[in-house]
Amino acid sequence: MFPSIGDIYCVYDKLMQQYTACQITALKETEDKKPRQLAAILQLNWSGDQLPTKTELDVMKPLICNYYFWNGTLEHNYVQAEVPASYIFVGNRPPLITEESRSYSAGWPAGESLYRQRQWELIDVRRRALFKQAANDHSEIIACGIKTRRNTSTIRNFFPTSADDVAELKALPCLTHIEMNGYHEAIIPFLKENPFVYELHAQNHGQRILNFSQTQLTRLVVDASGVEKIIPGDKINFLSLTGEISPNLLIDANAEGKRLTLSIAETVPAIRGLSRLSSLQLHKVKELDIESVVQAYPELSELRLWGNPGTVSGIQSIQHLKSLQMFSTNDLFGFDGEQFPDPEMLPELHTLWMSSLPADASKSIKARYRKVAETRIDLDITQPRKPEWLAENLNNPFRDWDGREQIKAVHAKKAAQLYKQSLKRIRELSQRNDYEDTLSDQLISFTQEYTQTFNQMDAKSQWIETIEREEIAGALEGLIDQLEEQLEINQSGSFKINREHLYEVFDQTRDF
């Protein structure tokens with residue numbers, strides 16, 4: 001459904017626990033080859049437990065944002081014009097502003113700016129005035145052993161060892177974001193007394209219990225290694241856990257996570273206290289059974305998954321998430337389009353974004369969701385991947401080297417690229433017609449070049465150890481396996497690869 005200029009829509013905001021409102025002030029088309037309709041949307045300064053009455057509509061005003069470093073700014077952005085399913089039409093009146101927007105946003109406003117403005121207004125007016133005054137102070141000072149500007153908002157590599165270290169943070173009146181490596185108990189009273197600090201990263205803190213219940217934090221990133229209990233506080237709406245998460249970890253969250261977004265990597269631990277979790281973000285997924293996510297967090301309204309790349313199973317189980325409004329994947333495979341639920345099985349879904357997925361799944365999902373994309377769902381399915389891409393990337397035996405302790409990123413990247421090039425070479429060899437001696441010579445040359453590349457990478461620092469050596473040899477064996485399979489398919493099975501000789505060439509060539 002497309003809006004009209006002057007339309008006012010309401011949406012329920014989980015942070016405010018109220019309806020918020022926005023207005024369409026303009027419509028235009030992009031100048032792309034395939035033009036798209038855009039709508040300029042203005043956030044309004046209204047919220048309510050019920051949808052607005054006619055009287056309330058007539059007196060609505062634009063939201064003026066002046067929290068933190070904002071200074072009388074409107075939230076007025078162009079977005080895709082299709083109205084999300086969760087937005088409710090409540091009326092039409094002439095646009096409250098006529099100036100054209102010069103900004104663009106990924107999605108319709110859900111009320112976050114209004115929430116932050118309201119929270120800002122709860123802070124003592126004198127403290128707000130001091131913040132605004134300091135925001136224009138660019139003078140350099142020394143705080144926490146670091147040269148910085150007085151109006152800085154972020155302090156990184158903060159190593160508190162005493163209450164005096166924490167006290168030095170008071171020299172930064174505009175501080176909103178702390179990245180802390182270590183811990184001192186004085187940080188909690190500081191956070192309670194400083195309402196402007198809304199984001200904290202806590203690494204290497206060594207605590208079993210972390211209690212942030214009386215702070216003003218809204219975003220928290222915690223190393224969960226060794227932690228038994230976290231009390232995030234009512235205002236925290238984003239919690240990211242890193243490190244090794246204990247199976248007994250308890251998150252003592254308000255309403256069992258109903259207003260919380262949880263961000264974790266690789267897997268879904270059985271975290272206690274989040275049975276009503278609203279939003280889950282999983283990063284660096286290698287293998288995931290989505291059914292386990294559904295069972296652990298049955299009230300999810302938002303599920304975002306990023307692969308490493310990785311594979312998922314049980315994708316059809318998302319149909320049991322009756323409140324699911326937003327689902328997205330990136331670099332995830334292992335499913336086909338028929339396993340993905342039909343639109344009618346996801347009645348609350350208003351956003352479906354999938355990128356880098358199996359080509360057959362992409363085609364099927366697009367076809368089945370094309371009609372509802374015209375009315376209620378923001379559909380964006382891109383980067384369909386063919387089996388060749390999966391072989392080079394998903395099944396790349398060196399993709400796990402990225403992040404391994406003794407392997408530099410440049411070496412991990414070069415090894416992965418070498419495998420892609422080797423696969424291409426194998427495909428070329430499988431198509432040759434001049435077999436026997438010529439192909440044998442080509443395979444020997446290929447093995448030597450493959451091995452010498454690793455010699456060059458290992459020459460200076462000698463980082464290739466027993467495990468890596470076995471992985472390099474295993475990858476070579478896998479490449480030979482694929483060549484044999486292709487030769488069979490191309491009806492050239494009469495040619496027999498002398499594997500033992502190629503392994504001898506590998507051993508004679510390698511210096512690692």
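The lining of the largest cavity comprises 6 nonpolar, 4 polar and 3 charged residues. Here Ala, Val, Leu, Ile, Met, Phe, Trp, Tyr, Cys and Pro count as nonpolar, Asp, Glu, Lys and Arg as charged, and the others, Gly among them, as polar. The volume of this cavity is about 100 Å³. Of its 13 lining residues, Gly-233, Asp-234, Ile-236, Arg-259 and Leu-260 are the closest to the centre. The structure holds 1 cavity of 30 Å³ or more. A cavity is a set of points, on a 1 Å grid over the protein atoms alone, where a 1.4 Å probe fits but cannot get out; lining residues have an atom within 4 Å of a point. A volume is the space filled by probe spheres set on the points, which are joined across faces, edges and corners.

The model is predicted: local features need pLDDT of at least 70, side-chain atom pairs count only at pLDDT 80 or more, and totals for chains, interfaces and linings use all residues. Residues are numbered from 1 along each chain as its sequence is written, and side-chain values use heavy atoms, with hydrogens and water left out.

Aromatic pairs number 27. Rings of Phe, Tyr and Trp (its six-membered ring) pair if their centres lie within 6.5 Å; planes under 30 degrees apart count as stacked, over 60 as edge-to-face and the rest as tilted. Tyr-9 and Trp-108 form an edge-to-face pair, 5.8 Å centre to centre, with 85° between the planes. Tyr-9 lies in strand S1 (residues 7–13), and Trp-108 in the loop between strand S7 (88–92) and helix H2 (112–121), 99 residues apart. Helices (H or I, at least four residues) and strands (E, at least two) are DSSP runs, numbered from the N terminus. Tyr-9 is buried at 2% relative accessible area. Trp-108 is buried at 12%. Buried means under 20%, exposed over 50%, and partly exposed in between (1.4 Å probe, protein chains only). Ring pairs also link a cluster that includes Phe-398, Trp-401 and Tyr-419.

Ser-355 lies in strand S22 (residues 351–358). Its relative accessibility is 16%, so Ser-355 counts as buried. Ser-355 is in contact (heavy atoms within 4.5 Å) with residues including Thr-329, Asn-330 and Thr-382, leaving aside neighbours within four places in sequence.

Gln-325 lies in the loop between strand S20 (302–313) and strand S21 (326–333). Gln-325 is partly exposed, at 28% relative accessible area. Gln-325 and Leu-300 are 25 residues apart in sequence and 8.4 Å apart in space, C-alpha to C-alpha.

Definitions and conventions. On a 1 Å grid over the protein atoms alone, a cavity is a set of points where a 1.4 Å probe fits but cannot get out, and a pocket is an open set with protein on both sides within 12 Å along at least five of seven lines; lining residues have an atom within 4 Å of a point.
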